[in-house]
Amino acid sequence: MSDKWEYLDEAMTASSRNTIKELFAQDPDRAKKFSLSAAGWFLDYSKNRIDRKTMNALVKLAEASDLRTEIEKMFTGEKINVTENRAVLHTALRNCDPDAKVLVDGKDVMPDVRAVLEQMGVFAEKVRKGVWRGHTGKKIRYVVNIGIGGSDLGPVMANIALTPYSKRSLKFFFVSNVDSTHLAETLRSVKAAETLFIVASKTFTTQETMSNAEAAKAWLVDKLGSKDAVAKHFVAVSTAAKEVAEFGIDTANMFGFWDWVGGRYSLPSAIGLSLMIAIGPANYRKFLRGYWKMDCHFRTAPFGKNMPVVLALLGILYSNGYGAESYCVLPYDQYLSRFPAYLQQMDMESNGKSVDKDGKPVECVTGPIEWGEPGTNGQHSFYQLIHQGTHLIPCDFIGCCQTHNPISDLHDKLMANLFAQTEALAFGKTEEECRAEGVPESLVPFKTFEGNKPTNTLLCDKLTPETLGALIALYEHKVFVQGVIFNVYSYDQWGVQLGKVLAKGVLKDLTAEKPSGRHDASTNQLIARYRKALGR
């Protein structure tokens with residue numbers, strides 16, 4: 001392994017000397033020393049297997065990876081997505097500095113970014129105020145976003161998260177799966193004359209998205225009796241003007257974005273149009289400001305006090321030091337119920353790589369696997385494994401001090417559970433403590449908790465457009481930092497292509513008069529079974 005990984009060995013040596021319980025006993029001020037604030041979020045990372053020597057060694061690992069230079073390359077528009085020869089500039093989408101200039105191939109992209117944002121705002125207000133009317137003259141009451149991957153996961157997550165800020169007279173739906181059930185059940189919930197479809201596809205060729213869009217168009221035309229209805233009920237988030245026009249959408253209602261916007265980082269682009277319609281342009285700009293505040297913190301803060309960097313380094317300590325294969329994200333806020341799913345794509349599609357930037361096998365464990373559910377549901381599902389199982393699973397707990405829905409003492413109970421879980425995971429319960437509580441000797445082994453399970457706790461005052469934007473940016477930058485240290489390209493995703501290519505050949509065999517038989521024995525058998533069930 002390269003020399004920089006010696007710093008991880010140094011960090012592990014320091015980290016393994018004491019348990020979390022022992023570390024707290026040694027230092028009464030530990031919680032304050034291992035906490036920091038940024039962009040409306042407070043991070044307590046004191047319940048980790050770390051001391052100051054551990055963190056200093058991890059910071060050296062970041063510095064040895066030339067992280068500061070890589071950060072500047074991203075923010076200034078260098079083409080760090082080398083395999084696709086593209087810049088990576090999702091940060092430009094939320095740059096709130098009115099004088100900012102960001103160059104790509106010598107061109108300042110900020111005027112175009114601001115122009116699209118303004119176009120989105122004008123359109124969103126037309127829909128929200130009932131000025132935009134459907135083919136029959138009725139106001140829009142239903143908005144259906146058709147996309148997949150980053151064109152779906154981000155809008156879904158954010159629309160749910162910011163429900164308290166949404167215009168309640170509008171109902172939002174999201175169709176992504178090419179499984180016809182997804183579209184069919186959505187269409188049963190809307191009325192054609194009052195529905196706006198947003199088709200989100202950069203090239204307007206994405207198989208799943210365009211298949212669903214064509215089916216939705218056929219349904220609309222059938223219901224309203226005219227192809228002219230398409231222009232009043234469909235808009236596009238795309239850059240493919242020719243294809244958009246051929247579909248029947250007026251290109252004046254096409255909202256563009258750029259090849260330097262990766263799908264899983266595209267929420268603050270025109271991909272967020274459904275969100276802007278939901279919460280309004282003013283709240284959407286607050287959302288972008290939250291992103292920007294975390295961007296500024298990440299770009300300027302020293303690594304030891306840099307929230308995304310700290311989270312990234314702790315993740316590397318556990319994945320490459322302790323051999324943890326996954327980490328769990330546990331939002332104690334129902335509005336963040338889709339946040340773990342959103343992070344799955346962000347993290348695993350970005351850093352799920354096995355070759356480094358030189359095209360050679362990586363010399364570390366990349367990833368890791370991300371998963372989670374909202375609390376307290378998860379406590380009655382998989383927490384048993386985290387507490388007493390054989391796997392080490394670091395956890396991020398996310399909570400909000402204030403609730404949008406104060407009912408009785410429910411929020412106090414929710415947050416009590418959050419804090420108690422981190423306490424239980426860190427400190428556990430010894431055999432002696434069980435006996436002191438009168439636990440029968442035969443049950444002591446079953447009621448003993450090892451503890452020493454690492455957790456981070458993230459708290460904000462309240463989930464708002466601004467704090468949500470900052471939270472998303474926090475994890476975006478965490479993933480970026482880990483990719484730099486892993487020495488992989490985080491912004492391509494060639495791994496999703498092979499299955500898509502093979503599916504085209506399989507589709508031909510599913511529908512052909514006679515299948516080709518060119519696949520492996522298992523796939524040929526499955527094709528035959530499917531065809532037989534359909535009488536082909």
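In strand β13, Asn456 is the bridge partner of Asp396. This is a predicted model, in which local features need pLDDT of at least 70, side-chain atom pairs count only at pLDDT 80 or more, and totals for chains, interfaces and linings use all residues. Residues are numbered from 1 along each chain as its sequence is written, and side-chain values use heavy atoms, with hydrogens and water left out.

Strand β12 (residues 395–400) runs parallel to β13 (residues 455–460), and 6 bridges join them. Strand β10 (residues 326–332) also runs parallel to β12, joined by 5 bridges. Here Cys328 has Cys395 in β12 as its bridge partner. Two strands pair if DSSP finds at least two bridges between them. Strands (E, at least two residues) and helices (H or I, at least four) are DSSP runs, numbered from the N terminus.

Strand β12 is mostly covered, with 6 of its 6 residues buried. Buried means under 20% relative accessible area, exposed means over 50%, and partly exposed lies in between (1.4 Å probe, protein chains only). Cys395, Phe397 and Gly399 point one way from β12, while Asp396, Ile398 and Cys400 point the other way.

## An open parallel sheet

Five strands form an open sheet: 5 strands in the order β6-β5-β7-β8-β9, with parallel pairing. Its edge strands are β6 (171–175) and β9 (254–255), each pairing on one side only. Strand β8 (residues 234–237) pairs with β9 over 2 bridges. Ala236 stands opposite Met254 in β9.

Two helices pack here. Helix α9 (residues 180–187) packs on the sheet and touches β5, β6 and β7, at about 165° to the direction of β6. Helix α8 (residues 150–161) lies across β5 (142–146), β6 and β7 (195–200), and runs at about 150° to β6. Contact means heavy atoms within 4.5 Å. Axes are lines fitted to C-alpha atoms, for helices over the stretch in contact, and angles run from 0 to 180 degrees between N-to-C directions.

The largest pocket holds about 1,100 Å³ of space. Its lining has 39 residues, with Thr206, Gln493, Val496, Gln497 and Lys500 nearest its centre. A pocket is an open set of points on a 1 Å grid over the protein atoms alone, where a 1.4 Å probe fits, with protein on both sides within 12 Å along at least five of seven lines; lining residues have an atom within 4 Å of a point. Grid points are joined across faces, edges and corners, and a volume is the space filled by probe spheres set on the points. Helix α22 gives the most to this lining, with 5 residues.

The second largest pocket has a volume of about 380 Å³. It is lined by 18 residues, and Gln334, Thr403, Leu410, His411 and Leu414 lie nearest its centre. Helix α18 (residues 410–427) supplies the largest share of this lining, 4 residues.

Most residues other than glycine have a negative phi, and most peptide bonds are trans. Gly367 and Pro368 are joined by a cis peptide bond, with omega about 0°. Pro368 lies in the loop between α16 and β11 (369–371). The bond from Gly375 to Thr376 is also cis, with omega near 10°.

Asn452 has a positive phi near 60°. This residue counts as buried, because its relative accessibility is 12%. Asn487 has a positive phi of about 65°. At 27% relative accessibility, Asn487 counts as partly exposed.
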